[in-house]
Amino acid sequence: MTLDIGMLGYRFMGQAHSNAIARLPMFFPDAPDVNRHTLVGRDEEALADAADRFGFENTATDWADAVDEVDVFYNLGPNHLHAEPSIAALDAGVPVFCEKPLAPTLEEAEPMRDAAADADVPAGCAFNYRFVPAIRYAKGLIEDGKLGEIHHVRGRYLQDWLVDPDAPWAWRMDEELAGSGALGDLGAHTIDLVSFLVGSVAGDIDRISGHLQTFVEERPVPDTGETKPVTVDDAYTAQAEFENGAMGSFEASRFANGHKNDHTIEIQGSEGSLKFSLERLNELEYKGSDHRGYETILVTDESDPYLDHWWPPGHVLGWEHTFVHENYEFLSAVADGGEFHPSFEDAYEVQEILDAIERSDETGEWVALG
Ligand code: SOE
């Protein structure tokens, strides 16, 4: 069986997912066969060029023409385009793989979650960092009880592409189009990873308080001599209390001068600790109960998650491999009628936390989560 793929979006994420799909037959021979059927976008010339480079047979300038013509629909458009096409696909019984965050707001995410619940096909949200081998390894250690009772969870995602006040305006700075800024774009990754790693051990987040900040209020629109307002946060911080009493502290910024794609997670428990940094994604720092300090584990052995598909030990992987792994899992779930996580339901729960952080910022109060 060959799955025809329709893909909305041909820029950064379109390229990352198309690259992943192209790698599958070479490295994951048991992945389902796929056919890059239709690439969807608005600018015909750029679309035709991308379709050619990404290996798509057809193009469409209206997603409605593609959504029920394919076996799988990838929604890689800007956040405000996540809901309508994804719901239309799910209503037509077509599995959906949607980029993160699920939607600009909790309100818009809700019908997406409901459409996924009603559809009998996988609906996945592309939180790719769950598919880093070192993160899977870390999850194994936590589930094996190597960290004991979890006391601290720290996550920060630091970038600096907006520290220049003249950096151009883009859709990611508009509340209508994006929902939130660093919070939804980067913080969503952190919250998803935290729930993936410690959710089953420390429990859910019981309450949270947050603070959002916008440092530059308007930015130049390229080639127009005009400016547009920035209506989202440039940075957020939040502190959380988990069901078991563990303390969480989370942060993301687009103004963290000197940090490019610096996503770090640290977890300390009664028996041990872990540290992970995306910029050193082949490594995991681990302190066990019989160690005085951290040891660095190079997670590239054949026995490590996904590594038997790639190179000999020490032949490190990169950011793009996370997309290969998530596409493998998602497309396999589609072909086998299996479950895929992170699902729309999982992504909705992330969105609930993003929403609570925004509400806390507005009221200056802690927000209880149900
Ligand atoms: C933003 O700069 C961004 O590209 C996010 O949108 C991605 O989700 C993240 O993985 C890298 O940074």
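The structure is a predicted model, in which local features need pLDDT of at least 70 and side-chain atom pairs count only at pLDDT 80 or more, whereas totals for chains, interfaces and linings use all residues. Residues are numbered from 1 along each chain as its sequence is written.

The domain assignment of the protein chain gives domain 1 (2–128) and domain 2 (130–313 + 344–363), such bounds being taken from an automatic or database domain assignment. The centres of the two domains, taken over C-alpha atoms, are separated by 24 Å. To the contact between them, domain 1 contributes 20 residues and domain 2 contributes 23 residues, where two residues are in contact if their C-beta atoms, placed from the backbone, lie within 7 Å. On the side of domain 1 that touches domain 2, two or more residues come from each of α4 (106–118) and β6 (123–125), and α4 gives the most, with five residues. Helices (H or I, at least four residues) and strands (E, at least two) are DSSP runs, numbered from the N terminus.

In soluble globular proteins, nonpolar side chains tend to be buried together. The largest nonpolar core here holds 105 residues, of which L102, A134 and A138 touch the most other members. Such a core is a set of buried Ala, Val, Leu, Ile, Met, Phe, Trp, Tyr and Cys residues joined through C-beta atoms within 7 Å; a residue is buried if 20 or more other C-beta atoms lie within 10 Å of its own, exposed if 12 or fewer, and partly exposed in between, with C-beta atoms placed from the backbone. Helix α7 (residues 182–202) supplies the largest share of this core, 11 residues, and at least three residues are drawn from each of domain 1 and domain 2. Residues up to four places away in sequence aside, A138 touches L197, L274, F276 and L284.

Of the 21 residues of α7, 18 are buried. The helix bends by about 45° at F196, the bend being the angle between axes fitted to the seven residues ending there and the seven starting there.

Two loop residues other than glycine also have a positive phi. D223, in the loop between β9 (218–221) and β10 (226–229), has phi near 65°, and D223 counts as exposed because it has 7 C-beta neighbours inside 10 Å. Y306, in the loop between β16 (295–298) and α8, has phi near 70°, but Y306 counts as buried, with 20 such neighbours inside 10 Å.
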